[in-house]
Amino acid sequence: VGVVTDPQQRADLYVLAYAIVRADEGICGAERIYLAQLASLLKLEKATVDRLEAETDDRISGLT
């Protein structure tokens, strides 16, 4: 993921990973560490990660 330079692609990759680990409606400690490492590799700021997670949660909640 370190070679991805397009900001939208970086965000999309994070959202995909977040949605997958959230699929069981909970994120365990190991998954949170994985997501933090991924965000770091993707060079995503905390505010961006928080926004992406909130938007993804809203979309997932809208599907149920």
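Trainee: Which residues form a nonpolar patch on the surface, and what accessible area do they have together?

Mentor: Bear in mind that this is a predicted model. The nonpolar patch on the surface is made up of Val1, Leu13 and Leu41. Together these residues have an accessible area of about 240 Å².

Trainee: Is Val1 buried, partly exposed or exposed?

Mentor: Val1 belongs to the segment that comes before H1. Exposed would require over 50% relative accessible area and buried under 20%. With a relative accessible area of 43%, Val1 is therefore partly exposed.

Trainee: What distance should helix H3 span, and how far apart are its end C-alpha atoms?

Mentor: Helix H3 covers residues 46-63, which is 18 residues, and at 1.5 Å a residue it should span 26 Å. The distance between its end C-alpha atoms agrees with this expectation, at 26 Å.

Trainee: Which residues of H3 are buried, and where on the helix do they lie?

Mentor: Val49, Leu52, Glu53 and Thr56 are the buried residues of H3. Viewed down the axis of H3, they fall within an arc of 100°, so they line one face of the helix. An α-helix has 3.6 residues a turn, so residues three or four places apart point the same way.

Trainee: Which residues is Thr56 in contact with, leaving aside its neighbours within four places in sequence?

Mentor: Thr56, which lies in helix H3, counts as buried at 4% relative accessibility. The cover over the buried residues of H3 includes helix H1 (7-21) and helix H2 (29-41). Beyond its neighbours within four places in sequence, Thr56 is in contact with Val15, Tyr18 and Ala19.

Note on methods
Residues are numbered from 1 along each chain as its sequence is written. This is a predicted model: local features need pLDDT of at least 70, side-chain atom pairs count only at pLDDT 80 or more; totals for chains, interfaces and linings use all residues. Side-chain values use heavy atoms; hydrogens and water are left out. Helices (H or I, at least four residues) and strands (E, at least two) are DSSP runs, numbered from the N terminus. The expected span of a helix is 1.5 Å times one less than its number of residues. Buried means under 20% relative accessible area, exposed over 50%, partly exposed in between (1.4 Å probe, protein chains only). The arc is that of the directions from the helix axis to the C-beta atoms. Contact means heavy atoms within 4.5 Å. Patches are made of residues with over 30% relative accessible area and no salt bridge: like charges are joined within 9 Å, nonpolar side chains (Val, Leu, Ile, Met, Phe, Trp, Tyr) within 5 Å. Accessible areas come from the Shrake-Rupley method with a 1.4 Å probe; for residues, only the protein chains shown count as cover. A salt bridge is a side-chain nitrogen of Lys or Arg within 4 Å of a carboxyl oxygen of Asp or Glu.
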